[in-house]
Amino acid sequence: MAVLEVRAASCASPAQLPNQTAAVLAVDVGGTSLSVQVLRHCLHRYRAVGAGYFHTLAVREDGHLFAWGQNNGGQLGDGTYQSRATPVQVQGIAGVREVTGGLDFTVILKEDGTVWSVGANNYGQLGDGTLVSRTQPVQVQTATGPLTNVVAVAAGGRHALALTQTGAVYAWGRGEEGQLGQGQYQKSTVAVRVHDPGDPTGWLTGVTAIATGYESSYALKGGAVYSWGDNGHGQVDPTDPGLTKRNLPDLLPNLPTVRKISVNSKLAPPAYPA
């Protein structure tokens, strides 16, 4: 889920220390903007924030991760399925660099370049080789071992992407709309490398940024945006009159040189099957 804004604000609670500050995390849920106040006196100092569809995440300066909100899939990572109105520490993980959330799961990038996940796993969105939901983080795997050397992660509704130091992109989870970029419409319970038939190597290479929609995926490469997955609203290719979904990356047309990409990931049916 995309974070729209992080800004400083004054704390309103009289119980807080003088001059204590808070952060307001502005997120977009189903087209409705919400402001979530995160009190520093509760979380200490923190260096990164992220959001799922109904849960919020914050990385403390010491690399510990905290979460709050809905927990129906175990996405808060505290060993339970109990939703929380105040932050709880995600169990069994430290050294966190970056975090993001999907519909009911969380994807965590550690400082060592490994990727971990927690929550619902009915489409393999945890990437651990199983369809077993987890209430504590597990490491994302490839067909040959752990996914490593990752510099960025993104989570869609029930799929995720990872960008490596070499500019390669990996995907896992639900793939029925082609959002994994495999030339097919199937889920994957492990991270698989995204293809690109237009590249001499056969792989999507040279990528510098990634983003996800609910069931679509995006990559920034050389100032151009490549997209794949669900196109029911024209989000992958607005020039396609048939709004045809794609299972391989293709150049998103009619864009000037792009430096940054961000996606509203709420383009989803109102009643998505479990």
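## A tour of the strands and salt bridges

Begin by selecting Arg 174, Glu 176, Glu 177, Glu 215 and Lys 245, which are linked in a network of salt bridges. A salt bridge here is a side-chain nitrogen of Lys or Arg within 4 Å of a carboxyl oxygen of Asp or Glu. Side chains of opposite charge can pair when their charged atoms come close.

The model is predicted: local features need pLDDT of at least 70, side-chain atom pairs count only at pLDDT 80 or more, and totals for chains, interfaces and linings use all residues. Residues are numbered from 1 along each chain as its sequence is written, and side-chain values use heavy atoms, with hydrogens and water left out.

**The whole chain**

Zoom out and colour by secondary structure. The protein chain has one helix and 19 strands; helices (H or I, at least four residues) and strands (E, at least two) are DSSP runs, numbered from the N terminus. Of the 274 residues in the chain, 55% are buried, where buried means under 20% relative accessible area, exposed over 50%, and partly exposed in between (1.4 Å probe, protein chains only). Contacts are heavy atoms within 4.5 Å; among those between residues at least 6 apart in sequence, 46% join residues at least 24 apart.

**The sheet E12 to E15**

Next, select residues 150-155 and 188-193, which are strands E12 and E15. They belong to an open sheet of four strands, in the order E12-E13-E14-E15, with antiparallel pairing. Two strands pair if DSSP finds at least two bridges between them. E12 and E15 stand at the edges with a single partner strand each, so one side of each is left without a neighbour in the sheet.

Now move to E13, residues 159-164. Is this strand mostly covered or mostly open? Six of its six residues are buried. In a regular strand the side chains alternate between the two faces of the sheet. On one side of E13 are His 159, Leu 161 and Leu 163, on the other Ala 160, Ala 162 and Thr 164, and all are buried.

Show the neighbours of E13 in turn:

- E12 pairs with E13 in the antiparallel sense over five bridges, and Ala 152 stands opposite Leu 163. Three residues separate the two strands in a hairpin.
- E14 (residues 169-173) runs antiparallel to E13 and is joined to it by five bridges. Leu 161 stands opposite Ala 171, and His 159 opposite Gly 173. This hairpin has four residues between its strands; in the turn, Gly 167 has a positive phi of about 90°.

The structure holds 14 salt bridges. Which residue pairs with Arg 45? Select Glu 61: the closest N and O atoms are 3.4 Å apart. Arg 45 lies in the loop between helix H1 (40-43) and strand E4 (46-51), while Glu 61 lies in the loop between strand E5 (55-60) and strand E6 (65-69), 16 residues apart. Glu 61 is partly exposed, with a relative accessible area of 42%.

Go on to Lys 221 and Asp 199, whose closest N and O atoms are 3.4 Å apart in a salt bridge. Lys 221 is in strand E17 (residues 216-221) and Asp 199 in the loop between E15 and strand E16 (209-212), so the pair ties together parts that are 22 residues apart in sequence. Both Lys 221 and Asp 199 are buried.

Finish at Arg 246 and Asp 250, whose side chains meet in a salt bridge at 3.6 Å, N to O. Arg 246 is buried, with a relative accessible area of 16%, whereas Asp 250 is partly exposed at 38%.
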